[in-house]
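Thanks for asking me to look this one over. Here are my notes, in the order I would read them with the model open beside you.

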Number of protein chains: 2
Amino acid sequence: MDKKSTNTVWHQAIITRDDREKLHQHKSVILWFTGLSGAGKSSLAHALEEHLYHLGISTFVLDGDNVRHGLCGDLGFSDADRVENIRRIGELAKLMVEAGVIALTAFISPFQTDRLVARKLVPEGDFLEIYCRCPLEVCEQRDVKGMYKKARAGQIPFFTGIGSAYEPPEQPELIVDTDQQSLTESVQAVIELLRQRGVLSA
Amino acid sequence: MDKKSTNTVWHQAIITRDDREKLHQHKSVILWFTGLSGAGKSSLAHALEEHLYHLGISTFVLDGDNVRHGLCGDLGFSDADRVENIRRIGELAKLMVEAGVIALTAFISPFQTDRLVARKLVPEGDFLEIYCRCPLEVCEQRDVKGMYKKARAGQIPFFTGIGSAYEPPEQPELIVDTDQQSLTESVQAVIELLRQRGVLSA
């Protein structure tokens, strides 16, 4: 028995983000998808994840399904709660990046200020904002979850695009026009961005 | 251009925890370290992480350093805030596990109920509670961060072990006596547990 352990501060070994990126053999970044409800953020994030998976890349998609009922289960949809929701998602994505994982976040995240808070959590260049651009009419016509109908009926008071504003990114790293590009084209556009940024090898 | 994309719901590809475990070539679990301040939770978690890293295992340590100022930066030390702190850490660890990463959490987490909430977030067997057992006197004598001195001086009202109770786990998966075992021995004990549980191959 090593008696030294009783009175000394144990050796503090620290495995860093850099070490984890080496283990996973790729850089980790945040891919922050933003856009109206129904613009295809979640579909694009998941399709991209599938593509990256087959390249041996470690990824994780954060979206309403795994965050709103768990980590952010205590939050509603007031302005303050929306800000806090995005703040936590940013912090969560940051930890994923430190774990050497590419974090894909798929939330409307309508406000510039909130997205900027998330951007500033990680070193410059590690936050790639991808604007899933799609006209409101198209999103409303798709109405995948029946949310627009409810919003128009006044059942969801601050629904983005109806009762609350969406602030488009001013300088996103990428714009994907989801009403004009196929899913495959959109995935390829993000892959190209990841190549340009050195996340994937060219 | 694939015009179908405009009017159809995009294909929802879902990469699962199972897929990610295959990619990383190991199971993912939560290793929940609990014990008094100064019992060596963080040191053990980091030393274990270093060991696992060299075995090619994807890990991430959640501790005060990367959680208290970030994700839980809005929380104080009231009873309600402590409960919320542990709840969020549990949710965070769960997401890490879903990302195929072994999550090591190093928080005092003094209350049974809170630890049970975290345990129930993941399938049975995926939450391994490791009790870093160490007499209060020894922790207080170590007083690595000078916290016990402050607590005794009344500057930290609800410090665990002084002004607030620590509830030892009733059935932890492992007990490590950090005042009697060396760090190396403690690491080996956890490795042995991971072998028994099939997280690492025997």
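**Notes on the interface, the sheet and the salt bridges**

1. Across the interface of chain B and chain A, the rule finds 14 residue pairs in polar contact (both at pLDDT 80 or more). A polar contact here is a pair of N or O atoms within 3.5 Å; within protein, one must be able to donate a hydrogen and the other to accept it, and residues adjacent in sequence count only if both atoms are side-chain atoms.

2. Before going on, please keep in mind that this is a predicted model: local features need pLDDT of at least 70, side-chain atom pairs count only at pLDDT 80 or more, and totals for chains, interfaces and linings use all residues. Residues are numbered from 1 along each chain as its sequence is written, chains are lettered from A in the order in which they are written, and side-chain values use heavy atoms, with hydrogens and water left out.

3. Which elements of chain B touch chain A? Those giving two or more residues are helices H1 (4-7), H2 (17-24), H3 (41-53), H5 (79-98), H7 (136-142) and H9 (183-196), together with strand E2 (59-63). Helices (H or I, at least four residues) and strands (E, at least two) are DSSP runs, numbered from the N terminus. On this side of chain B there are 21 nonpolar, 22 polar and 15 charged residues; Ala, Val, Leu, Ile, Met, Phe, Trp, Tyr, Cys and Pro count as nonpolar, Asp, Glu, Lys and Arg as charged, and the others, Gly among them, as polar.

4. Contact (heavy atoms within 4.5 Å) links 58 residues of chain B with 59 residues of chain A. The rule also finds 4 salt bridges across this interface, a salt bridge being a side-chain nitrogen of Lys or Arg within 4 Å of a carboxyl oxygen of Asp or Glu. B:Arg87 and A:Asp74 form a salt bridge through their side chains, at 3.1 Å from N to O.

5. Chain B has an open sheet of 5 strands in the order E2-E3-E1-E4-E5, with parallel pairing. Strands pair if DSSP finds at least two bridges between them. At the edges are E2 and E5 (174-177) of chain B, each pairing on one side only. Strands E1 (residues 30-34) and E4 (residues 127-133) of chain B run parallel over 5 bridges, and B:Leu31 has B:Leu128 as its bridge partner in E4(B).

6. Over all chains, the salt bridge count comes to 30. A:Asp126 and A:Lys27 meet in a salt bridge at 3.7 Å, N to O. A:Asp126 sits in the loop between helix H6 (112-119) and strand E4 (127-133) of chain A, and A:Lys27 in the loop between helix H2 (17-24) and strand E1 (30-34) of chain A, so this pair ties together parts 99 residues apart in sequence.
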